[in-house]
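Please read them with the structure open.

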Amino acid sequence: MVNYKDLGLVNTRAMFAKAVKGGYAIPAFNFNNMEQMQAIIMAAVETKSPVILQISKGARNYANQTLLRYMAEGAVAYAKELGCEHPEIVLHLDHGDSYELCKNCIEMGFSSVMIDGSALPYDENVALTKKVVDFAHQHDVTVEGELGVLAGVEDEVSAAESHYTKPEEVIDFVTKTGVDSLAISIGTSHGAYKFTPEQCTVDPKTGRLLPPPLAFDVLEAVEEKLPGFPIVLHGSSSVPQEDVDIINSNGGCLKAAVGIPEEQLRKASKSAVCKINIDSDSRLAMTAAIRKTLAEKPAEFDPRKYLGPARDRMKELYMHKIINVLGSNGKISH
Ligand code: G3H
Ligand code: 13P
Ligand code: ZN
């Protein structure tokens, strides 16, 4: 059993309490490789922001869970080396789908896990989530549960249709399970195609697709039922059109990619939403930078020469999210 505290990691409890009180949200960035991890840590240190490093099923399959765990341990040392004396870094399991997986991650040093029982019947979701909470809390690991199903075509987390969270269920779920935070469904979804063109209107000035607003009424109803309780939003990439344009003008083909407008995420960050998950925007930033570099320098074959600019672009993106959208900059005091 590896205790995350011995690795210099923290759980989400104090971090979320501070964020809810302070009206900002903690960034939860997915990572699959060294460049993403470096960019996340550089951005968090430069902005003095707490940060959640999260590992999905896709990341585990791609990069190996053990290796990623050691990278997260390395992230703490790296943050210190960059000048942050007491970094606040959470290592989080994203979309855990079984008790065994959550237990295994806790035993190998994760400080936070998500058990995603959102596709299960309500009572089964409650039972599974409670089982994970009971084990996690013995080790002071925090747990995120989910109620309501996100729409989307993202691999590994697909769900056929969107079911918004039912505010009338949240008190019962939180009480029965003992979860530390709750992911809810209010219209966000995974991936770079969050809405069909038919669901959007067209901006007459730019010709861009404008998505429908998130269901803030559902969020407000949840907050009313659970005052001050930490709420999580998945599927919160904004799909920056500059990156989509760079990809498309350098050989790519992303048609009608559309995300959540940043002003809506800014509004959500000021509420009880205290964790915002972003993965697709990092993928787009990385791909845009790599395509651009390779198009401009066709003779280049040293990966460092295109992964370096990709890392720079991701760092810029993460800093922008932290400072201009989530507001978590300057929240590490030491
Ligand atoms: O939750 C969704 C994340 O974007 C992770 O997706 O399993 O393809 O890494 P992935
Ligand atoms: P995006 O696909 O919108 O980046 O969402 C990521 C996510 O929710 C990871 O759990
Ligand atoms: Zn997610």
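Helices (H or I, at least four residues) and strands (E, at least two) are DSSP runs, numbered from the N terminus. On that numbering, Val239 falls in the loop between strand 11 (231-233) and helix 9 (241-248). The model is a predicted one.

1. Eight strands form a closed barrel in the order 1-2-3-4-5-7-11-12, and the pairing is parallel. On average, neighbouring strands of this sheet are turned by 25 degrees against each other, with direction ignored.

2. Strands 1 and 12. Strand 1 (residues 26-30) pairs with strand 12 (residues 273-278) in the parallel sense, over four bridges.

3. Helix 1. Residues 13-22 make up helix 1, which lies across strand 1, strand 3 (89-96), strand 5 (142-147), strand 7 (181-184) and strand 12. Helix 1 runs at about 110 degrees to strand 12.

4. Helix 7 against the strands. Helix 7 (residues 167-177) lies across strand 5 and strand 7. Its direction is at about 150 degrees to strand 5.

5. Helix 7 against helix 8. Helix 8 covers residues 216-225, and its axis is 8 Å from that of helix 7 where the two pack, at an angle of about 40 degrees. Angles under 35 degrees count as roughly parallel and those from 65 to 115 as roughly perpendicular, so helix 7 and helix 8 are oblique to each other. The crossing of helix 7 past helix 8 is right-handed. On the helix 7 side the contact is made by Pro167, Val170 and Ile171, and on the helix 8 side by Val218, Ala221, Val222 and Lys225. Six of the residues in this contact are nonpolar, none is polar and one is charged.

6. Two residues with positive phi. Most residues other than glycine have a negative phi. Lys48 is not a glycine, yet its phi is positive, at about 55 degrees. Lys48 sits in the loop between helix 2 (34-47) and strand 2 (51-55). Val239, also not a glycine, has a positive phi of about 55 degrees.

7. Surroundings of these two. Is Val239 buried or exposed? A residue counts as buried if 20 or more other C-beta atoms lie within 10 Å of its own; Val239 has 21 and is therefore buried. Lys48 has 18 other C-beta atoms within 10 Å, so Lys48 is partly exposed.

Note on methods:
Residues numbered from 1 in each chain as written. Chains lettered and ligands numbered in written order. Predicted model: local features only at pLDDT ≥ 70, side-chain atom pairs only at ≥ 80, totals over all residues. Pairing = 2+ DSSP bridges. Axes fitted to C-alpha atoms, helices over the stretch in contact; angles between N-to-C directions. Contact = placed C-beta atoms within 7 Å. Buried ≥ 20, exposed ≤ 12 C-beta atoms within 10 Å, placed from the backbone. Parallel < 35°, antiparallel > 145°, perpendicular 65-115°, else oblique. Left-handed = near helix turned anticlockwise from the far one by under 90°. Nonpolar A, V, L, I, M, F, W, Y, C, P; charged D, E, K, R; others polar.
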